[in-house]
Amino acid sequence: MISAFANTWKVPELRDRILFTLAMIVIVRLGVHVTLPGVDATVIDAWVEHSKESRDATQAGGLQAILGIFSGGALQKAGIFALGIMPYISASIMMQLMTAVVPKLSRLSREDGGRQKITQFTRYLTIGIALVQGIFVARSLVHPENIQYMQGIGEVMNDLGRRLVAHPTVAWQALTVLTVVTGTLLLMWIGDQMTDRGIGNGTSIIITVNIIAALPGALFQTWQYFVAREDANATDVIWLVVMIAMLLVVIAGTIAITQAQRRIAIQYAKRVVGRKQFGGQTQYLPLKVNYAGVMPIIFASAVLSLPAVILAQVFPSAAWAHKLQQALAGGYWYYILGAIFIFFFSYFWVATMFQPSQISEDLKRNGGYIPGVRPGKPTAEFLDFTMTRLTFAGAIFLTAIFLLPAMIAKFVGLPPGSMVLQFFGGTSLLILVGVVLDTMRQVETHLLQRHYDGFLRKGKLKGRYDRMSQGGNSTSSSTALVFLWTFIGLLLIVGAVAWFAKGA
């Protein structure tokens, strides 16, 4: 694995792509820290320090947490990238759903040049969504004490004697909307450039970088809670080691489920054309266990948080509205309703995006069939039945990932607002694992094309079904060995450092 990272710099094209990607990442992170015009940056800095010192601060859940993830902290810092890439993601999801539902768009996606038209529609829709969200951001910054993800800023402004926006005129609001919309369009352009000239999907890499940007602060916060706290003891150090072990297990399990697939054997009939024989081969149709990916969690969090956001704007001083906001921000009912919505949206996404009838017709047209299943409608029913069972398993996995941060906080004793919890589950972990695996596949493809070893010497970076299709188990032992030694090494290092720090 180490030699594979060294080999990436021996391929000129791959080296240039990596350097270009890193340069774009620097630009993205710089834009997060550039404050909007007219916003007092000193108030933001004082509020950040106040949030670090406050141990009872709660982490905003649902839509606010998702916006924080996709903006990389720019929303809380009132930066020019306050909206992040979220409007483009929302527009892409809407166009995907419309393409599957609207027949005209479905036909357009299968035509030559149709995908470019849909991409153009997506960008227009991004501008519209960004304009609406930009207006909400501008109005919220005028009264930041009513924003759920900026709790405590009202006390900071009273102590400093200054407002976050000194002169909230109509011209300032128009300038703010224009700035944040332009920032979103710039991020969208950077994502396209990273896709064409970098490694992997540029939009996904931007989201992943924004998630990883919170890791140093999460580690520092965890260290302060378990080791640097005045009343910390040896038990807290043991809990820190247990948390690291749990993190590795959760990541390993997430990788396994993300790559898990059910392989459906497809047999093609033999055809003789002249002296050549075509077909007669067996291929496999992979059906992913987690077909919906991270979408059900995003949909469920957005649906649960949207009423609280609307009530905060319409009834800012109502007691019942405040209680409802607290209940939907991470309480008991939040997780119960979240689990129900995740199951619903998992089946909704599969029913919308997975088309067994179309797959059955394509197989029949190309002379393919599933052994033991008649072509046509029986094949579509078989695929639908199989996907329904897989979706149930995937929905259980997504529900466990959704509930895991709260369970770990309860089990270990971390405060609900700890940033490290987002790396134990939820949207952040699924996006992080998926994008890292995809990026490693992209890099390994370049290495194998230049006759270099991949990240694992005995085989490519594959999922379970890829190894089975080759008839071997070439990568399982290497993966287990790397994971085992990494696990043991991290435990020893963290345990030793925590022990010496506690003794000092």
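**Surface patch, salt bridges and cavities**

With three residues, α13 gives the most to the nonpolar patch. The structure is a predicted model, in which local features need pLDDT of at least 70 and side-chain atom pairs count only at pLDDT 80 or more, whereas totals for chains, interfaces and linings use all residues. Residues are numbered from 1 along each chain as its sequence is written, and side-chain values use heavy atoms, with hydrogens and water left out.

The nonpolar patch covers about 560 Å² of surface and is made by Leu306, Ile310, Val314, Phe315, Trp320 and Leu324. Such a patch consists of residues with over 30% relative accessible area and no salt bridge, with nonpolar side chains (Val, Leu, Ile, Met, Phe, Trp, Tyr) joined within 5 Å; accessible areas come from the Shrake-Rupley method with a 1.4 Å probe, and for residues only the protein chains shown count as cover. At least two residues of the patch are supplied by each of two elements, α13 (295-314) and α14 (319-327). Helices (H or I, at least four residues) and strands (E, at least two) are DSSP runs numbered from the N terminus. Leucine 324, one of the patch residues, belongs to helix α14. Leucine 324 is classed as partly exposed because its relative accessibility is 32%, a value between the limits for buried (under 20%) and exposed (over 50%).

Three salt bridges were counted, each defined by a side-chain nitrogen of Lys or Arg within 4 Å of a carboxyl oxygen of Asp or Glu. One of them joins glutamate 13 to arginine 17, with 3.5 Å between the closest N and O atoms. Both residues of this pair lie in helix α2 (residues 12-32), where they are four residues apart, about one turn of the helix. Glutamate 13 has a relative accessible area of 34%, so it is partly exposed.

A further salt bridge is formed by arginine 123 and aspartate 192, whose closest N and O atoms are 2.8 Å apart. This pair links distant parts of the chain, with arginine 123 in helix α7 (residues 114-142) and aspartate 192 in helix α9 (residues 170-197), 69 residues apart. The relative accessible area of arginine 123 is 34%, and this residue is therefore partly exposed. Helix α9 also contains tryptophan 189, which is partly exposed because its relative accessibility is 48%. The C-alpha atom of tryptophan 189 is separated by 9.4 Å from that of glycine 202, 13 residues apart along the chain.

In helix α16, aspartate 362 and arginine 365 form a salt bridge with an N to O distance of 2.8 Å. The two residues are three positions apart in this helix (residues 356-365), about one turn. Aspartate 362 is partly exposed, as its relative accessibility is 29%, whereas arginine 365 is exposed at 59%.

The structure also holds three cavities of 30 Å³ or more. A cavity is a set of points on a 1 Å grid over the protein atoms alone where a 1.4 Å probe fits but cannot get out, and lining residues have an atom within 4 Å of a point. Grid points are joined across faces, edges and corners, and a volume is the space filled by probe spheres set on the points. The largest cavity has a volume of about 50 Å³ and is lined by Val289, Asn290, Tyr291, Ala292, Ser346, Val350, Thr391, Gly394, Ala395 and Leu398. Two or more of these lining residues come from each of α15 (332-353) and α17 (377-412), with α17 giving the most, four residues. The lining comprises six nonpolar, four polar and no charged residues, where Ala, Val, Leu, Ile, Met, Phe, Trp, Tyr, Cys and Pro count as nonpolar, Asp, Glu, Lys and Arg as charged, and the others, Gly among them, as polar.

The second largest cavity contains about 40 Å³ of space. Its lining consists of Ser360, Leu363, Lys364, Gly368, Tyr369, Ile370, Pro375, Gly376 and Thr379. Here α16 and β5 (368-369) are the elements that give two or more residues, and the largest share, three residues, comes from α16. By class, four of the lining residues are nonpolar, four are polar and one is charged. Isoleucine 370, one of the lining residues, is located in the loop between β5 and α17. With a relative accessibility of 4%, isoleucine 370 counts as buried. A distance of 6.1 Å separates the C-alpha atoms of isoleucine 370 and alanine 265, which are 105 residues apart along the chain.

How values were computed:
Patch = residues over 30% accessible without salt bridge, like charges linked within 9 Å, V, L, I, M, F, W, Y side chains within 5 Å. Buried < 20%, exposed > 50% of the residue type's maximum accessible area, 1.4 Å probe, protein only. 1 Å grid on protein atoms, 1.4 Å probe; cavity = no way out; pocket = protein on both sides within 12 Å on 5 of 7 lines; lining within 4 Å.
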